[in-house]
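Please work through this model by question and answer.

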Amino acid sequence: METAQENKDWGLVHTPNGEWVYEYNVEFVTDEIGTIYQYLAKKQGKELPLYRKSENLFLCYRCQLEALGLGKPRALHHKSNDVENNDNQ
């Protein structure tokens, strides 16, 4: 039986080092959010590489964010997620 993740039609993202990865393995962040993430990583004594995709858009690997205890920025959450989260409190 397929899981929900296997059933989705995920797109591929071309990384700067030439590999193709599924989009659910990366997180797209703005310059401002990326700077905050790098600051928080530095406070933990770690490094978080960001890879430029466009003028104000970067990507980083989701597994690196999880290792730092960082999640998706609240500003990028879908509005319906915020409503659901408020209903559960």
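Q: What percentage of the 89 residues in the protein chain is buried?
A: This is a predicted model: local features need pLDDT of at least 70, side-chain atom pairs count only at pLDDT 80 or more, and totals for chains, interfaces and linings use all residues. Residues are numbered from 1 along each chain as its sequence is written, and side-chain values use heavy atoms, with hydrogens and water left out. Buried means under 20% relative accessible area, exposed over 50%, and partly exposed in between (1.4 Å probe, protein chains only). Of the 89 residues in the protein chain, the buried share is 21%.

Q: In what order do the three strands of the open sheet lie?
A: Two strands pair if DSSP finds at least two bridges between them. The edge strands are β3 (26–30) and β4, each pairing on one side only. Pairing in this open sheet is antiparallel, and the order is β3-β5-β4.

Q: Which residue in β5 is the bridge partner of Ser 54?
A: Strands β4 and β5 run antiparallel and are joined by three bridges. For Ser 54, the partner in β5 is Leu 57.

Q: At about what angle to β3 does helix α2 run?
A: Axes are lines fitted to C-alpha atoms, for helices over the stretch in contact (heavy atoms within 4.5 Å). Angles run from 0 to 180 degrees between N-to-C directions. Helix α2 (residues 31–43) lies across β3 and β5, and its angle to β3 is about 110 degrees.

Q: Which residues does Thr 15 touch, not counting residues up to four places away in sequence?
A: Thr 15 lies in the loop between β1 (12–14) and β2 (20–22). Thr 15 counts as buried because its relative accessibility is 2%. Leaving out residues up to four places away in sequence, Thr 15 touches Val 21 and Tyr 61.

Q: Are the rings of Tyr 22 and Tyr 24 stacked or edge-to-face?
A: Rings of Phe, Tyr and Trp (its six-membered ring) pair if their centres lie within 6.5 Å; planes under 30 degrees apart count as stacked, over 60 as edge-to-face and the rest as tilted. The whole structure holds two aromatic pairs. In the pair of Tyr 22 and Tyr 24, the centres are 5.7 Å apart and the planes are at 5 degrees, so the pair is stacked.

Q: How many residues apart in sequence are the parts tied together by Tyr 51 and Tyr 61?
A: The ring centres of Tyr 51 and Tyr 61 are 5.9 Å apart with planes at 75 degrees, so this pair is edge-to-face. Tyr 51 lies in strand β4 (residues 51–54) and Tyr 61 in strand β5 (residues 57–61), so the separation of the parts tied together is ten residues.

Q: Is Tyr 61 buried or exposed?
A: Tyr 51 is partly exposed, at 25% relative accessible area. Tyr 61 has a relative accessibility of 14% and therefore counts as buried.

Q: How many disulfides are there?
A: A disulfide is a pair of cysteine sulfur atoms within 2.5 Å. The sulfur of Cys 63 is 9.4 Å from the closest cysteine sulfur, in Cys 60, which is too far for a bond. By this rule, the count of disulfides is zero.

Q: Is Cys 63 buried or exposed?
A: Cys 60 counts as buried, with 0% relative accessibility. Cys 63 has 53% relative accessibility, so Cys 63 counts as exposed.

Notes. Helix = DSSP H or I, 4+ residues; strand = E, 2+ residues; numbered from the N terminus.
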